[in-house]
Amino acid sequence: MSTNSEDTPDSPSPATFGKPWPEFNDGLTYRDLVRSPDSGLTLIDFYSIKHQSSAPLLGWLQRIENGQITVNGTVITDPKTVLRELVYHRHPWKEPYAPHLLEVLFEDDHLIALNKPSGLQVLPGGQFQQRTVLTQLQWHMKNQESCPVPVHRLGRGTSGILLCAKTKLAKTKLAALFAEKTSQVVGNRKVNKVVKMSKIYRALVCGIINDDEIVIEEPIGTLKYPGVAKGLYVASSSGKPALSRLHVLKRDVKNNQTVVQVEIQSGRPHQIRIHLSFIGHPLLGDPLYVSGGIPKCCAPETVDETFAEDGGYNKPANPVPGDCGYYLHAHQLILCHPITNELCKITAPLPPVFLANESGESTNQE
């Protein structure tokens, strides 16, 4: 099996794909079955209670009055209508800017590894329903029997290697491989097992890290946070075990920042951002996490009855996990191929910011 290596001046141009995004997406259709406990509820009661995270009360009233809800196939604009079968049509909307080109780092009959640009979301969610890696894969593979699907996630602001499965068997085995890697961290300690996967990142952090090597073992849990319906992941002594190994690559005393390599032994959401901020060195430009592995703003939950043009919630005033601006790159992935059992080493070329910061004397001395 061929593997990709870092670009050299004589290497051929990498393969890329990606279609420009249309100005508006196709909208969405949500279907709800009215079950016995909900029978007798009015239209507005059902949506404002069952789907409170999608829009405030006044937003749902607007959507109903706009004729976006059908009951048994008939458009209903009276919010006091008693429920039967429901269909909510979300009108097309203009999604925020996102890059669309994806570089292919490795591909065979079972896997495809992509170099995801910062600013592109992996799967649909929130404001981004069309402008995602998954959509580009569907467009790119539309004439094939099956479409590759990502088997893990990278934050929207994180660039680098995204591994996708092209077959159901590969997806199942890769999912098990990722789960096995995370389960090896027990009680915040790595269990001694044969390593079948290694994920190595580059990060640019605030401040000068004095130690050359650091092992971070702070558990990661959740707390309530405005604008994040399922809660925000944070450093928490009562959370799940997580382990990151940090190696300093370069200290930039003049600009008070450090370039580090991080290998994660578990795959908790936002793990590197949380762990580096926990030790007092948050990612440079991170709008959310500050020292201590907690969010910059943690105001109590409040009821916001204002709504956006489509009836949903306005963008939160406080930073949220999907906000970009930080410097984190999934640089290298080493794994045992789930089908052939061959050792694969996949490398995503470093973005310009890391090349600029790692040039010159890249040592561990100040």
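I take axes as lines fitted to C-alpha atoms, for helices over the stretch in contact, with angles from 0 to 180 degrees between N-to-C directions. Helices (H or I, at least four residues) and strands (E, at least two) are DSSP runs, numbered from the N terminus.

**Entry 1. Ground rules.** I am working with a predicted model, where local features need pLDDT of at least 70, side-chain atom pairs count only at pLDDT 80 or more, and totals for chains, interfaces and linings use all residues. Residues are numbered from 1 along each chain as its sequence is written, and side-chain values use heavy atoms, with hydrogens and water left out.

**Entry 2. Overview.** I found 6 helices and 21 strands in the protein. I then looked up burial (buried means under 20% relative accessible area, exposed over 50%, partly exposed in between, with a 1.4 Å probe and protein chains only). Of the 366 residues, 48% are buried. Next came contacts (heavy atoms within 4.5 Å). Among contacts with a separation of 6 or more, 67% join residues 24 or more positions apart.

**Entry 3. The α1 and α2 pair.** Two packed helices are described by the angle between their axes and the distance between the axes. I looked up both values for α1 (residues 43–50) and α2 (residues 57–65): the axes come within 9 Å and cross at roughly 135 degrees. That angle makes α1 oblique to α2. (Under 35 degrees counts as roughly parallel, over 145 as roughly antiparallel, 65 to 115 as roughly perpendicular, and the rest as oblique.) The crossing is right-handed, meaning that the near helix is turned clockwise from the far one by less than a right angle.

Which residues of α1 and α2 meet? On the α1 side I list Leu 43, Ile 44, Tyr 47 and Ser 48; on the α2 side, Leu 57, Trp 60, Leu 61 and Ile 64. The contact divides into 7 nonpolar residues, 1 polar and no charged. (Ala, Val, Leu, Ile, Met, Phe, Trp, Tyr, Cys and Pro count as nonpolar, Asp, Glu, Lys and Arg as charged, and the others, Gly among them, as polar.)

**Entry 4. Cores.** I looked for nonpolar cores (sets of buried Ala, Val, Leu, Ile, Met, Phe, Trp, Tyr and Cys residues joined through side-chain atoms within 4.5 Å). The largest has 33 residues, and Leu 114, Val 260 and Leu 276 touch the most other members. Apart from it lies another core of 18 residues, including Phe 106 and Leu 111. Beyond four places in sequence, the contacts of Leu 276 include Ala 203, Leu 246 and Pro 282.

**Entry 5. Helix α3.** In α3 (residues 133–140), I found Val 133, Leu 134, Thr 135, Gln 136 and Leu 137 buried. The buried residues of α3 pack against β1, β6, β7, β8 and β9.

**Entry 6. Leu 288.** Is Leu 288 buried or exposed? At 0% relative accessibility, Leu 288 counts as buried. Leu 288 sits in the loop between α5 and β18. Its C-alpha atom is separated by 9.8 Å from that of Gly 325, 37 residues apart along the chain. Beyond four places in sequence, Leu 288 contacts, among others, Tyr 225, Arg 273 and Pro 319.

**Entry 7. Positive phi.** His 270 has phi near 60 degrees, a positive value in a residue other than glycine. His 270 lies in the loop between β17 and α5 and is partly exposed at 25% relative accessibility. Asn 341 has phi near 65 degrees. Asn 341 is in the loop between β20 and β21 and counts as exposed at 56%.
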